[in-house]
Amino acid sequence: MVQKPEEHAADMVSREEYEQLKSRNAELEQQVNALTEALRLAQHKRFGASSEKTVDDGSQQLSFLFNEAEVIADHEAAQDKQETLVAAHKRHKKHEYTLDNLPEGVATEVVEHYVPQEELECPICGETMQEIGKEVVRKLKIIPAQVIVVEHRYYAYACRNCDQNGIETPVTTAEREKSVIRGSFATAEAIAHIMVQKFVMGSPLYRQEQELKRQGIPLSRQTMSNWILRAAADYLTPVYNALHRELLRREVLHADETTLQVLHEPGKKPQSESYMWLYRTGGLSCDGNVERPIVLYEYQPGRGAKHPAAFLEGFRGYLHTDGYAGYHKLPEEITVVGCWAHARRKFDEALKSIAKGHASAKNIRKGLDFCNRLFAIEQKLTNLPAEERYTQRLEQAKPVLDELFRWVESVHYSSKSPWGSAMEYLKNQKAYLLNYLLDGRLEISNNRAERSIKPFVIDRKNFLFANTPAGAQSSAVIFSLIQTAIENGLDPWRYLTWLIDMATKGGVDAVGLLPWVAPDSCRVSA
(Lines give C-alpha, C1' and ligand atoms only; values in the text may rest on other atoms or scores of the structure.)
Protein backbone atom coordinates (compact mmCIF):
# COMPACT_ATOMS: atom_id res chain seq x y z
CA MET A 1 0.00 0.00 0.00
CA VAL A 2 1.42 3.35 -1.09
CA GLN A 3 1.67 5.89 1.72
CA LYS A 4 0.29 9.38 1.00
CA PRO A 5 2.75 12.32 1.38
CA GLU A 6 0.73 13.90 4.18
CA GLU A 7 0.69 10.54 6.05
CA HIS A 8 4.45 10.31 5.64
CA ALA A 9 4.85 13.85 6.98
CA ALA A 10 2.57 12.99 9.89
CA ASP A 11 4.87 10.07 10.78
CA MET A 12 7.83 12.48 11.11
CA VAL A 13 6.04 15.18 13.11
CA SER A 14 2.94 15.27 15.20
CA ARG A 15 -0.38 15.96 13.54
CA GLU A 16 -0.66 19.30 15.40
CA GLU A 17 2.81 20.41 14.28
CA TYR A 18 2.03 19.39 10.71
CA GLU A 19 -1.16 21.46 10.63
CA GLN A 20 0.73 24.44 12.03
CA LEU A 21 3.43 24.13 9.37
CA LYS A 22 0.82 23.74 6.65
CA SER A 23 -1.04 26.84 7.84
CA ARG A 24 2.20 28.78 8.10
CA ASN A 25 3.20 27.75 4.58
CA ALA A 26 -0.15 28.95 3.20
CA GLU A 27 0.21 32.23 5.05
CA LEU A 28 3.74 32.78 3.68
CA GLU A 29 2.60 31.89 0.19
CA GLN A 30 -0.19 34.50 0.46
CA GLN A 31 2.31 37.10 1.67
CA VAL A 32 4.66 36.33 -1.22
CA ASN A 33 1.81 36.71 -3.71
CA ALA A 34 0.73 40.01 -2.13
CA LEU A 35 4.30 41.36 -2.16
CA THR A 36 4.80 40.22 -5.74
CA GLU A 37 1.63 42.03 -6.83
CA ALA A 38 2.63 45.15 -4.92
CA LEU A 39 6.11 45.08 -6.49
CA ARG A 40 4.65 44.63 -9.97
CA LEU A 41 2.26 47.56 -9.44
CA ALA A 42 5.05 49.75 -8.01
CA GLN A 43 7.24 49.01 -11.03
CA HIS A 44 4.39 49.90 -13.37
CA LYS A 45 3.75 53.19 -11.54
CA ARG A 46 7.43 54.07 -11.77
CA PHE A 47 8.24 52.94 -15.28
CA GLY A 48 4.91 52.34 -17.04
CA ALA A 49 2.43 54.67 -18.70
CA SER A 50 0.21 56.56 -16.26
CA SER A 51 -2.85 56.42 -18.50
CA GLU A 52 -5.78 54.39 -17.23
CA LYS A 53 -7.18 53.72 -20.70
CA THR A 54 -8.45 50.18 -20.91
CA VAL A 55 -7.48 49.74 -24.55
CA ASP A 56 -3.82 50.25 -25.35
CA ASP A 57 -3.47 52.29 -28.53
CA GLY A 58 -0.01 50.88 -29.12
CA SER A 59 1.69 54.21 -28.66
CA GLN A 60 5.18 54.04 -27.27
CA GLN A 61 5.77 55.54 -23.86
CA LEU A 62 7.95 58.62 -24.17
CA SER A 63 10.13 60.31 -21.60
CA PHE A 64 10.06 64.10 -21.72
CA LEU A 65 12.88 64.57 -19.24
CA PHE A 66 15.60 65.34 -21.79
CA ASN A 67 14.08 64.92 -25.25
CA GLU A 68 10.83 66.85 -25.01
CA ALA A 69 11.72 69.13 -27.93
CA GLU A 70 12.68 66.19 -30.15
CA VAL A 71 9.55 64.22 -29.27
CA ILE A 72 7.22 67.15 -29.95
CA ALA A 73 9.06 68.03 -33.16
CA ASP A 74 8.71 64.46 -34.42
CA HIS A 75 5.01 64.49 -33.57
CA GLU A 76 4.48 67.80 -35.40
CA ALA A 77 6.34 66.48 -38.42
CA ALA A 78 4.08 63.44 -38.49
CA GLN A 79 1.02 65.67 -38.27
CA ASP A 80 2.26 67.85 -41.12
CA LYS A 81 2.48 64.78 -43.35
CA GLN A 82 -1.27 64.23 -43.13
CA GLU A 83 -2.89 64.85 -46.50
CA THR A 84 -6.42 65.10 -47.82
CA LEU A 85 -7.30 63.87 -51.30
CA VAL A 86 -9.23 66.59 -53.18
CA ALA A 87 -10.31 66.23 -56.82
CA ALA A 88 -7.39 64.15 -58.08
CA HIS A 89 -4.70 66.01 -56.14
CA LYS A 90 -3.37 65.91 -52.61
CA ARG A 91 -3.80 68.94 -50.36
CA HIS A 92 -1.41 69.20 -47.43
CA LYS A 93 -3.05 69.77 -44.08
CA LYS A 94 -2.77 73.41 -43.01
CA HIS A 95 -0.72 73.85 -39.86
CA GLU A 96 -2.85 74.78 -36.85
CA TYR A 97 -0.42 77.35 -35.46
CA THR A 98 0.05 80.53 -37.53
CA LEU A 99 0.38 84.27 -36.90
CA ASP A 100 -2.82 85.08 -38.77
CA ASN A 101 -5.12 85.34 -35.75
CA LEU A 102 -3.11 87.09 -33.07
CA PRO A 103 -5.11 89.18 -30.57
CA GLU A 104 -5.27 92.96 -30.75
CA GLY A 105 -2.50 94.84 -29.01
CA VAL A 106 0.38 92.60 -30.07
CA ALA A 107 3.15 94.90 -31.24
CA THR A 108 4.20 94.61 -34.88
CA GLU A 109 7.70 95.54 -35.93
CA VAL A 110 7.89 96.29 -39.67
CA VAL A 111 11.15 95.62 -41.50
CA GLU A 112 11.21 96.89 -45.12
CA HIS A 113 13.37 95.09 -47.67
CA TYR A 114 14.04 97.12 -50.84
CA VAL A 115 16.08 96.29 -53.88
CA PRO A 116 19.04 98.72 -54.08
CA GLN A 117 18.49 101.54 -56.60
CA GLU A 118 21.47 100.53 -58.70
CA GLU A 119 19.92 97.08 -59.23
CA LEU A 120 16.58 98.38 -60.55
CA GLU A 121 17.79 98.97 -64.09
CA CYS A 122 15.87 96.79 -66.56
CA PRO A 123 18.30 94.37 -68.24
CA ILE A 124 16.20 94.55 -71.46
CA CYS A 125 15.51 98.24 -72.07
CA GLY A 126 17.53 100.01 -69.42
CA GLU A 127 14.53 101.80 -67.83
CA THR A 128 14.09 101.93 -64.04
CA MET A 129 11.82 99.17 -62.70
CA GLN A 130 8.71 100.20 -60.73
CA GLU A 131 7.25 98.54 -57.62
CA ILE A 132 4.42 96.17 -58.57
CA GLY A 133 3.74 94.40 -55.29
CA LYS A 134 5.19 92.92 -52.15
CA GLU A 135 5.29 89.65 -50.24
CA VAL A 136 4.66 89.79 -46.50
CA VAL A 137 6.42 87.15 -44.39
CA ARG A 138 5.53 87.22 -40.69
CA LYS A 139 7.90 85.85 -38.05
CA LEU A 140 7.68 85.64 -34.28
CA LYS A 141 10.16 87.42 -32.02
CA ILE A 142 10.16 86.70 -28.28
CA ILE A 143 11.86 89.14 -25.92
CA PRO A 144 12.49 88.22 -22.26
CA ALA A 145 10.47 90.06 -19.61
CA GLN A 146 11.43 93.71 -19.63
CA VAL A 147 12.32 95.54 -16.46
CA ILE A 148 11.21 99.19 -16.40
CA VAL A 149 11.90 101.77 -13.72
CA VAL A 150 8.89 104.03 -13.34
CA GLU A 151 10.11 107.45 -12.20
CA HIS A 152 7.39 109.51 -10.54
CA ARG A 153 8.11 113.24 -10.50
CA TYR A 154 5.93 115.24 -8.12
CA TYR A 155 6.20 118.96 -8.87
CA ALA A 156 5.83 121.69 -6.27
CA TYR A 157 4.37 125.16 -6.91
CA ALA A 158 4.74 128.46 -5.02
CA CYS A 159 3.52 132.00 -5.48
CA ARG A 160 6.38 134.19 -6.78
CA ASN A 161 4.56 137.41 -5.95
CA CYS A 162 4.17 136.51 -2.28
CA ASP A 163 7.76 135.39 -2.16
CA GLN A 164 9.03 138.69 -3.66
CA ASN A 165 6.91 140.81 -1.30
CA GLY A 166 7.98 138.98 1.85
CA ILE A 167 4.61 137.41 2.39
CA GLU A 168 4.43 133.83 3.71
CA THR A 169 4.46 131.84 0.53
CA PRO A 170 1.93 129.00 0.09
CA VAL A 171 3.29 125.86 -1.57
CA THR A 172 1.22 123.35 -3.50
CA THR A 173 2.53 119.91 -4.52
CA ALA A 174 1.14 117.24 -6.81
CA GLU A 175 -0.82 114.55 -5.00
CA ARG A 176 1.28 111.48 -4.30
CA GLU A 177 0.13 108.07 -5.37
CA LYS A 178 -0.22 105.56 -2.58
CA SER A 179 2.57 102.96 -2.59
CA VAL A 180 1.60 99.32 -2.99
CA ILE A 181 3.86 98.55 -0.02
CA ARG A 182 4.82 101.47 2.18
CA GLY A 183 8.48 102.38 1.91
CA SER A 184 8.99 99.98 -1.00
CA PHE A 185 9.65 100.47 -4.70
CA ALA A 186 7.32 97.56 -5.56
CA THR A 187 4.57 97.98 -8.14
CA ALA A 188 1.43 95.96 -8.79
CA GLU A 189 2.97 94.75 -12.07
CA ALA A 190 6.18 93.54 -10.38
CA ILE A 191 4.37 91.70 -7.58
CA ALA A 192 1.94 90.08 -10.01
CA HIS A 193 4.85 88.95 -12.20
CA ILE A 194 6.69 87.35 -9.27
CA MET A 195 3.50 85.58 -8.16
CA VAL A 196 2.73 84.24 -11.62
CA GLN A 197 6.29 83.05 -12.16
CA LYS A 198 6.26 81.19 -8.84
CA PHE A 199 2.70 79.88 -8.66
CA VAL A 200 1.90 79.33 -12.34
CA MET A 201 5.26 78.72 -14.00
CA GLY A 202 6.76 76.90 -10.99
CA SER A 203 9.85 79.13 -10.78
CA PRO A 204 11.02 79.45 -7.15
CA LEU A 205 12.19 82.84 -5.92
CA TYR A 206 15.86 81.89 -6.01
CA ARG A 207 15.56 81.14 -9.75
CA GLN A 208 13.80 84.44 -10.34
CA GLU A 209 16.58 86.15 -8.40
CA GLN A 210 19.17 84.55 -10.68
CA GLU A 211 17.25 85.49 -13.83
CA LEU A 212 16.97 89.14 -12.75
CA LYS A 213 20.63 89.18 -11.79
CA ARG A 214 21.56 88.09 -15.33
CA GLN A 215 19.71 91.20 -16.52
CA GLY A 216 21.65 93.36 -14.07
CA ILE A 217 18.74 93.82 -11.62
CA PRO A 218 19.75 93.28 -7.96
CA LEU A 219 16.47 92.06 -6.44
CA SER A 220 16.91 89.53 -3.64
CA ARG A 221 14.60 86.61 -2.98
CA GLN A 222 14.04 87.98 0.54
CA THR A 223 12.67 91.22 -0.92
CA MET A 224 10.46 89.34 -3.38
CA SER A 225 9.20 87.10 -0.56
CA ASN A 226 8.29 90.12 1.56
CA TRP A 227 6.46 91.68 -1.38
CA ILE A 228 4.24 88.72 -2.16
CA LEU A 229 3.50 87.90 1.48
CA ARG A 230 2.55 91.48 2.23
CA ALA A 231 0.42 91.80 -0.91
CA ALA A 232 -1.30 88.50 -0.14
CA ALA A 233 -2.16 89.67 3.37
CA ASP A 234 -3.23 93.22 2.48
CA TYR A 235 -4.94 92.84 -0.89
CA LEU A 236 -5.59 89.21 -1.81
CA THR A 237 -6.87 87.81 1.50
CA PRO A 238 -10.03 90.00 1.60
CA VAL A 239 -10.91 88.79 -1.92
CA TYR A 240 -10.16 85.20 -0.85
CA ASN A 241 -12.58 85.60 2.07
CA ALA A 242 -15.26 86.99 -0.26
CA LEU A 243 -14.78 83.98 -2.57
CA HIS A 244 -15.06 81.69 0.46
CA ARG A 245 -18.41 83.22 1.43
CA GLU A 246 -19.64 82.85 -2.15
CA LEU A 247 -18.44 79.22 -2.30
CA LEU A 248 -20.50 78.29 0.76
CA ARG A 249 -23.63 79.59 -0.98
CA ARG A 250 -23.25 77.14 -3.88
CA GLU A 251 -25.04 73.78 -3.87
CA VAL A 252 -22.43 71.51 -5.49
CA LEU A 253 -18.77 71.43 -4.42
CA HIS A 254 -15.69 69.24 -4.86
CA ALA A 255 -12.94 68.62 -2.29
CA ASP A 256 -9.50 67.00 -2.22
CA GLU A 257 -6.28 67.27 -0.26
CA THR A 258 -2.56 66.67 -0.70
CA THR A 259 0.51 66.72 1.49
CA LEU A 260 2.79 69.68 2.15
CA GLN A 261 5.93 69.91 4.25
CA VAL A 262 6.17 72.92 6.56
CA LEU A 263 9.53 73.32 8.27
CA HIS A 264 8.53 75.42 11.27
CA GLU A 265 5.14 74.04 12.25
CA PRO A 266 4.65 74.43 16.04
CA GLY A 267 4.75 71.10 17.82
CA LYS A 268 5.77 69.12 14.74
CA LYS A 269 9.04 67.85 13.31
CA PRO A 270 10.19 69.43 10.02
CA GLN A 271 9.90 66.03 8.32
CA SER A 272 6.23 65.60 9.27
CA GLU A 273 3.43 66.08 6.77
CA SER A 274 0.94 68.91 6.72
CA TYR A 275 -1.90 69.29 4.20
CA MET A 276 -3.14 71.62 1.52
CA TRP A 277 -6.90 71.24 1.12
CA LEU A 278 -8.76 72.07 -2.06
CA TYR A 279 -12.39 73.14 -2.33
CA ARG A 280 -13.99 74.17 -5.58
CA THR A 281 -17.38 74.74 -7.13
CA GLY A 282 -19.14 72.20 -9.34
CA GLY A 283 -22.58 71.77 -10.81
CA LEU A 284 -22.72 70.63 -14.42
CA SER A 285 -24.41 72.86 -16.98
CA CYS A 286 -25.46 71.87 -20.49
CA ASP A 287 -21.94 72.45 -21.84
CA GLY A 288 -20.21 70.63 -18.99
CA ASN A 289 -18.85 73.85 -17.48
CA VAL A 290 -19.43 75.59 -14.15
CA GLU A 291 -20.80 79.13 -13.94
CA ARG A 292 -18.47 81.56 -12.14
CA PRO A 293 -16.12 78.81 -10.89
CA ILE A 294 -14.29 79.23 -7.58
CA VAL A 295 -11.12 77.33 -6.63
CA LEU A 296 -9.89 77.73 -3.05
CA TYR A 297 -6.92 76.19 -1.25
CA GLU A 298 -6.52 76.07 2.52
CA TYR A 299 -3.48 75.08 4.53
CA GLN A 300 -3.97 72.93 7.63
CA PRO A 301 -1.44 71.05 9.80
CA GLY A 302 -3.42 67.78 9.64
CA ARG A 303 -5.91 65.66 7.73
CA GLY A 304 -8.64 65.34 10.36
CA ALA A 305 -12.33 65.67 9.51
CA LYS A 306 -12.50 68.80 11.66
CA HIS A 307 -10.71 70.80 8.97
CA PRO A 308 -13.24 70.39 6.13
CA ALA A 309 -16.04 70.66 8.70
CA ALA A 310 -14.73 74.05 9.80
CA PHE A 311 -14.06 75.35 6.28
CA LEU A 312 -17.49 74.22 5.04
CA GLU A 313 -19.44 75.47 8.06
CA GLY A 314 -22.77 76.77 6.79
CA PHE A 315 -22.62 74.82 3.52
CA ARG A 316 -25.66 72.74 2.61
CA GLY A 317 -25.48 70.65 -0.51
CA TYR A 318 -23.50 67.99 -2.35
CA LEU A 319 -19.76 67.45 -1.86
CA HIS A 320 -17.77 65.35 -4.34
CA THR A 321 -14.85 63.57 -2.63
CA ASP A 322 -12.60 60.55 -2.89
CA GLY A 323 -12.98 57.64 -0.47
CA TYR A 324 -11.28 59.28 2.51
CA ALA A 325 -13.34 58.45 5.61
CA GLY A 326 -12.88 61.92 7.10
CA TYR A 327 -15.38 63.36 4.63
CA HIS A 328 -18.00 60.85 5.79
CA LYS A 329 -18.01 62.46 9.23
CA LEU A 330 -19.25 65.81 7.94
CA PRO A 331 -22.61 67.20 9.14
CA GLU A 332 -25.73 65.60 7.72
CA GLU A 333 -26.53 68.78 5.77
CA ILE A 334 -23.69 67.77 3.44
CA THR A 335 -24.34 64.86 1.09
CA VAL A 336 -21.05 63.19 0.14
CA VAL A 337 -20.83 61.98 -3.48
CA GLY A 338 -18.28 59.22 -4.14
CA CYS A 339 -15.83 59.05 -7.02
CA TRP A 340 -16.15 56.35 -9.68
CA ALA A 341 -12.76 57.31 -11.13
CA HIS A 342 -11.19 56.05 -7.89
CA ALA A 343 -13.21 52.85 -8.07
CA ARG A 344 -12.14 52.29 -11.66
CA ARG A 345 -8.52 53.03 -10.75
CA LYS A 346 -8.59 50.24 -8.16
CA PHE A 347 -9.46 47.68 -10.85
CA ASP A 348 -6.94 49.18 -13.25
CA GLU A 349 -4.16 48.88 -10.66
CA ALA A 350 -5.24 45.34 -9.77
CA LEU A 351 -4.98 44.32 -13.43
CA LYS A 352 -1.50 45.84 -13.70
CA SER A 353 -0.34 44.10 -10.52
CA ILE A 354 -1.04 40.49 -11.55
CA ALA A 355 0.94 38.23 -13.84
CA LYS A 356 -0.32 37.43 -17.31
CA GLY A 357 -2.90 34.64 -17.23
CA HIS A 358 -3.61 35.06 -13.51
CA ALA A 359 -6.81 33.38 -12.33
CA SER A 360 -8.34 36.64 -11.11
CA ALA A 361 -7.78 38.51 -14.41
CA LYS A 362 -11.23 37.62 -15.75
CA ASN A 363 -13.04 39.04 -12.73
CA ILE A 364 -10.85 42.15 -12.63
CA ARG A 365 -11.62 42.87 -16.28
CA LYS A 366 -15.30 42.37 -15.55
CA GLY A 367 -15.19 44.98 -12.77
CA LEU A 368 -13.27 47.32 -15.06
CA ASP A 369 -15.86 46.78 -17.78
CA PHE A 370 -18.70 47.77 -15.43
CA CYS A 371 -16.90 51.05 -14.67
CA ASN A 372 -16.23 51.69 -18.35
CA ARG A 373 -19.91 51.21 -19.15
CA LEU A 374 -20.87 53.81 -16.56
CA PHE A 375 -18.37 56.34 -17.93
CA ALA A 376 -19.55 55.65 -21.49
CA ILE A 377 -23.11 56.48 -20.44
CA GLU A 378 -21.91 59.74 -18.85
CA GLN A 379 -20.10 60.67 -22.03
CA LYS A 380 -23.35 60.48 -23.98
CA LEU A 381 -25.18 62.64 -21.41
CA THR A 382 -22.63 65.46 -21.32
CA ASN A 383 -24.61 68.09 -23.23
CA LEU A 384 -28.00 67.44 -21.67
CA PRO A 385 -29.76 69.76 -19.20
CA ALA A 386 -29.50 68.65 -15.57
CA GLU A 387 -33.10 67.45 -15.39
CA GLU A 388 -32.76 65.32 -18.50
CA ARG A 389 -29.38 63.99 -17.33
CA TYR A 390 -31.00 62.92 -14.04
CA THR A 391 -33.76 61.03 -15.88
CA GLN A 392 -31.38 59.34 -18.31
CA ARG A 393 -29.08 58.21 -15.51
CA LEU A 394 -31.97 56.41 -13.82
CA GLU A 395 -32.90 54.76 -17.10
CA GLN A 396 -29.42 53.86 -18.33
CA ALA A 397 -26.93 53.88 -15.45
CA LYS A 398 -29.00 52.51 -12.56
CA PRO A 399 -29.55 49.07 -14.17
CA VAL A 400 -25.77 48.78 -14.70
CA LEU A 401 -25.15 49.77 -11.08
CA ASP A 402 -27.68 47.23 -9.79
CA GLU A 403 -26.04 44.49 -11.85
CA LEU A 404 -22.58 45.55 -10.68
CA PHE A 405 -23.37 45.39 -6.97
CA ARG A 406 -25.20 42.04 -7.32
CA TRP A 407 -22.03 40.71 -8.92
CA VAL A 408 -19.88 42.19 -6.11
CA GLU A 409 -21.92 40.32 -3.50
CA SER A 410 -21.66 37.02 -5.41
CA VAL A 411 -17.88 36.89 -5.97
CA HIS A 412 -15.35 35.45 -3.52
CA TYR A 413 -11.94 37.15 -3.19
CA SER A 414 -9.06 37.78 -0.81
CA SER A 415 -9.38 41.22 0.76
CA LYS A 416 -5.57 41.45 1.03
CA SER A 417 -4.99 41.40 -2.72
CA PRO A 418 -5.27 44.46 -5.05
CA TRP A 419 -8.24 42.73 -6.64
CA GLY A 420 -9.85 42.34 -3.24
CA SER A 421 -9.06 45.96 -2.43
CA ALA A 422 -11.04 47.06 -5.49
CA MET A 423 -14.03 44.95 -4.43
CA GLU A 424 -13.84 46.18 -0.83
CA TYR A 425 -13.78 49.76 -2.08
CA LEU A 426 -17.03 49.18 -3.96
CA LYS A 427 -18.67 47.58 -0.94
CA ASN A 428 -17.56 50.21 1.58
CA GLN A 429 -18.25 53.18 -0.68
CA LYS A 430 -21.51 51.92 -2.20
CA ALA A 431 -23.79 54.48 -0.56
CA TYR A 432 -21.57 57.38 -1.62
CA LEU A 433 -20.92 56.03 -5.12
CA LEU A 434 -24.66 55.83 -5.79
CA ASN A 435 -25.28 59.42 -4.72
CA TYR A 436 -24.39 60.88 -8.10
CA LEU A 437 -27.82 59.61 -9.23
CA LEU A 438 -29.54 62.09 -6.88
CA ASP A 439 -29.13 65.20 -9.02
CA GLY A 440 -28.37 65.83 -12.67
CA ARG A 441 -25.84 68.54 -11.76
CA LEU A 442 -23.59 66.00 -10.05
CA GLU A 443 -20.64 64.27 -11.70
CA ILE A 444 -19.63 60.64 -11.83
CA SER A 445 -16.15 61.42 -10.50
CA ASN A 446 -14.15 63.89 -8.45
CA ASN A 447 -11.78 64.52 -11.35
CA ARG A 448 -12.66 68.21 -11.33
CA ALA A 449 -11.03 68.57 -7.89
CA GLU A 450 -8.05 66.43 -8.91
CA ARG A 451 -7.43 68.67 -11.91
CA SER A 452 -7.59 71.75 -9.70
CA ILE A 453 -5.15 70.43 -7.12
CA LYS A 454 -2.67 69.30 -9.77
CA PRO A 455 -1.13 72.79 -10.29
CA PHE A 456 -0.19 72.86 -6.62
CA VAL A 457 1.26 69.33 -6.79
CA ILE A 458 3.36 70.30 -9.82
CA ASP A 459 4.64 73.47 -8.16
CA ARG A 460 5.38 71.57 -4.95
CA LYS A 461 8.05 69.64 -6.86
CA ASN A 462 9.84 72.94 -7.40
CA PHE A 463 9.55 74.67 -4.03
CA LEU A 464 9.43 71.36 -2.05
CA PHE A 465 8.27 72.88 1.26
CA ALA A 466 6.96 75.97 3.03
CA ASN A 467 8.91 77.68 5.77
CA THR A 468 6.10 78.65 8.18
CA PRO A 469 2.34 78.06 8.51
CA ALA A 470 1.74 81.73 7.68
CA GLY A 471 3.74 81.35 4.49
CA ALA A 472 1.85 78.18 3.59
CA GLN A 473 -1.52 79.92 4.01
CA SER A 474 -0.31 82.93 2.00
CA SER A 475 0.63 80.50 -0.76
CA ALA A 476 -2.87 79.00 -0.50
CA VAL A 477 -4.42 82.46 -0.92
CA ILE A 478 -2.27 83.29 -3.97
CA PHE A 479 -2.93 79.89 -5.55
CA SER A 480 -6.65 80.40 -4.98
CA LEU A 481 -6.81 83.80 -6.67
CA ILE A 482 -4.67 82.64 -9.60
CA GLN A 483 -6.52 79.40 -10.28
CA THR A 484 -9.94 81.04 -9.87
CA ALA A 485 -8.85 83.73 -12.34
CA ILE A 486 -7.71 81.09 -14.84
CA GLU A 487 -10.97 79.15 -14.44
CA ASN A 488 -12.88 82.36 -15.24
CA GLY A 489 -10.93 82.97 -18.43
CA LEU A 490 -8.64 85.67 -17.04
CA ASP A 491 -4.93 86.16 -17.57
CA PRO A 492 -3.54 85.80 -14.01
CA TRP A 493 -0.89 88.52 -14.39
CA ARG A 494 -3.34 91.07 -15.73
CA TYR A 495 -5.96 90.16 -13.11
CA LEU A 496 -3.54 90.34 -10.15
CA THR A 497 -2.13 93.63 -11.45
CA TRP A 498 -5.64 95.10 -11.71
CA LEU A 499 -6.67 93.72 -8.29
CA ILE A 500 -3.60 95.04 -6.44
CA ASP A 501 -3.76 98.40 -8.22
CA MET A 502 -7.47 98.88 -7.46
CA ALA A 503 -7.08 97.73 -3.85
CA THR A 504 -4.14 100.10 -3.36
CA LYS A 505 -6.18 103.08 -4.53
CA GLY A 506 -9.02 102.09 -2.19
CA GLY A 507 -12.70 102.85 -2.52
CA VAL A 508 -13.56 99.34 -3.77
CA ASP A 509 -14.60 96.51 -1.45
CA ALA A 510 -13.51 92.89 -1.93
CA VAL A 511 -16.72 91.94 -3.79
CA GLY A 512 -15.85 94.55 -6.41
CA LEU A 513 -12.54 92.78 -7.04
CA LEU A 514 -13.87 89.27 -7.73
CA PRO A 515 -12.70 87.67 -10.99
CA TRP A 516 -16.05 87.97 -12.78
CA VAL A 517 -16.08 91.71 -12.03
CA ALA A 518 -12.67 92.27 -13.64
CA PRO A 519 -12.63 94.37 -16.85
CA ASP A 520 -12.29 92.82 -20.30
CA SER A 521 -8.66 93.92 -20.41
CA CYS A 522 -7.91 91.14 -17.88
CA ARG A 523 -9.38 88.44 -20.11
CA VAL A 524 -7.30 85.95 -22.06
CA SER A 525 -7.24 87.09 -25.67
CA ALA A 526 -9.27 84.77 -27.88
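Modeller: Start with Phe405, which counts as buried because its relative accessibility is 8%, and buried means under 20% relative accessible area, exposed over 50%, partly exposed in between (1.4 Å probe, protein chains only).

Biologist: What should I know about the source?

Modeller: This is a predicted model: local features need pLDDT of at least 70, side-chain atom pairs count only at pLDDT 80 or more, and totals for chains, interfaces and linings use all residues. Residues are numbered from 1 along each chain as its sequence is written, and side-chain values use heavy atoms, with hydrogens and water left out.

Biologist: What makes Trp340 and Phe405 an edge-to-face aromatic pair?

Modeller: Rings of Phe, Tyr and Trp (its six-membered ring) pair if their centres lie within 6.5 Å; planes under 30 degrees apart count as stacked, over 60 as edge-to-face and the rest as tilted. By this rule there are 13 aromatic pairs. For Trp340 and Phe405, the centres are 6.3 Å apart and the planes make 65°, hence edge-to-face. The pair links distant parts of the chain: Trp340 is in helix α9, Phe405 in helix α11 (residues 386-410), 65 residues apart. Helices (H or I, at least four residues) and strands (E, at least two) are DSSP runs, numbered from the N terminus.

Biologist: Why is Trp340 called buried?

Modeller: Because its relative accessible area is 0%.

Biologist: Why is the pair of Tyr495 and Trp498 called tilted?

Modeller: The planes are 35° apart, with 6.0 Å centre to centre, and that makes the pair tilted. Tyr495 and Trp498 are 3 residues apart in helix α15 (residues 492-505), so about one helical turn separates them. Tyr495 is buried, because its relative accessibility is 0%. Trp498 has 16%, so it counts as buried too.

Biologist: How do you know that Cys159 is in no disulfide?

Modeller: A disulfide is a pair of cysteine sulfur atoms within 2.5 Å. The structure holds 0 disulfides. For Cys159, the nearest cysteine sulfur, that of Cys162, is 3.5 Å away. Cys159 is partly exposed because its relative accessible area is 30%.
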